[in-house]
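Subject: Structure handover

Hello,

The structure is placed below, and notes on what was found in it follow. Please read the notes with the coordinates open.

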Amino acid sequence: MARGDRRAFDELYRRTSPWLAVRLRRRCADEQIVAEVMQETYLAVWRAAGAFAGSAVGGTAVGWLWTIAARRLVDAFRRRAHHAEPPVAVAERAVVPAAEDKALAATVGGEVGDALRRLAPELREVLQAMVLDGLSVRETAVLLRLPEGTVKTRARRARIAMREALA
């Protein structure tokens with residue numbers, strides 16, 4: 001793909017697009033935003049394929065792809081938030097659970113889901129990235145823009161809290 005091989009790109013897209021769409025939908029219920037992010041992600045991958053350092057830095061193509069997609073999703077949220085003012089009636093309503101929390105509730109139920117939802121947000125996001133999304137410590141650190149040591153500490157704290165909550 002780095003040499004401009006369209007078939008290699010098509011194969012990457014065929015293998016990863018269903019997986020990527022599911023992960024994006026876990027974090028965003030708006031199909032239009034998911035479609036935009038998918039398009040922007042694969043365009044960025046096509047353009048930057050030659051810059052992928054890969055296993056030389058301990059990363060994977062899937063981790064690289066997810067990092068690009070996650071950043072594009074954050075950018076999409078920022079663009080939407082910047083251009084849209086919430087109606088007064090919406091701003092005055094009670095807090096509604098985030099789409100990610102709803103997806104998490106549908107994915108992980110029972111006592112485990114309850115314990116996971118009670119975690120501090122910074123612990124929950126690390127656990128979600130590492131356990132639910134299957135990312136490595138390094139990939140999680142890149143995704144969340146945190147030092148690897150912080151990711152390891154938060155993952156350990158989250159696991160301890162989960163163990164205590166489920167005991």
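Helix α9 covers residues 148-166, and its 19 residues should span 27 Å at 1.5 Å a residue; the end C-alpha atoms are 27 Å apart, which agrees with that value. The expected span is 1.5 Å times one less than the number of residues. Helices here are DSSP runs (H or I, at least four residues), numbered from the N terminus.

Some conventions before the rest. This is a predicted model, in which local features need pLDDT of at least 70 and side-chain atom pairs count only at pLDDT 80 or more, while totals for chains, interfaces and linings use all residues. Residues are numbered from 1 along each chain as its sequence is written, and side-chain values use heavy atoms, with hydrogens and water left out.

Faces of α9

The buried residues of α9 are V151, R154, A155, A158 and M162. Seen down the helix axis, the buried residues of α9 fall within an arc of 105 degrees, so they line one face of the helix. That arc is taken over the directions from the helix axis to the C-beta atoms. On the other side of α9, the exposed residues are K152, R156, R163 and E164. Buried means under 20% relative accessible area, exposed over 50%, and partly exposed in between (1.4 Å probe, protein chains only).

V151, in helix α9, has 0% relative accessibility and therefore counts as buried. V151 and S136 are 15 residues apart in sequence, and their C-alpha atoms are 9.9 Å apart in space.

Salt bridges

How many salt bridges does a search of the whole structure find? The search finds five, a salt bridge being a side-chain nitrogen of Lys or Arg within 4 Å of a carboxyl oxygen of Asp or Glu.

E11, R14 and R15 are linked in a network of salt bridges. E11 pairs with R14, with the closest N and O atoms 2.4 Å apart, and E11 also pairs with R15 at 2.7 Å, N to O. E11 and R14 are three residues apart in helix α1 (residues 6-27), which means that about one helical turn separates them. E11 and R15 are four residues apart in helix α1, so about one helical turn separates them. In accessibility, E11 is partly exposed at 30%, R14 is exposed at 51% and R15 is exposed at 61%.

Another salt bridge joins the side chains of R138 and E148 (3.3 Å, N to O). This pair links distant parts of the chain, with R138 in helix α8 and E148 in helix α9, 10 residues apart. R138 is partly exposed, with a relative accessible area of 36%, and E148 is partly exposed at 31%.

Largest pocket

The largest pocket holds about 370 Å³ of space. Of the 15 residues that line the largest pocket, R27, A70, V74, L143 and L144 are the closest to its centre. A pocket is an open set of points on a 1 Å grid over the protein atoms alone, where a 1.4 Å probe fits, with protein on both sides within 12 Å along at least five of seven lines; lining residues have an atom within 4 Å of a point. Grid points are joined across faces, edges and corners, and the volume is the space filled by probe spheres set on the points.

Helices α3 (61-83), α7 (121-132) and α8 (137-144) each supply at least two residues of the lining. Helix α3 gives the most, with eight residues. By class, the lining has seven nonpolar, one polar and seven charged residues. Nonpolar covers Ala, Val, Leu, Ile, Met, Phe, Trp, Tyr, Cys and Pro, charged covers Asp, Glu, Lys and Arg, and the others, Gly among them, are polar.

Regards
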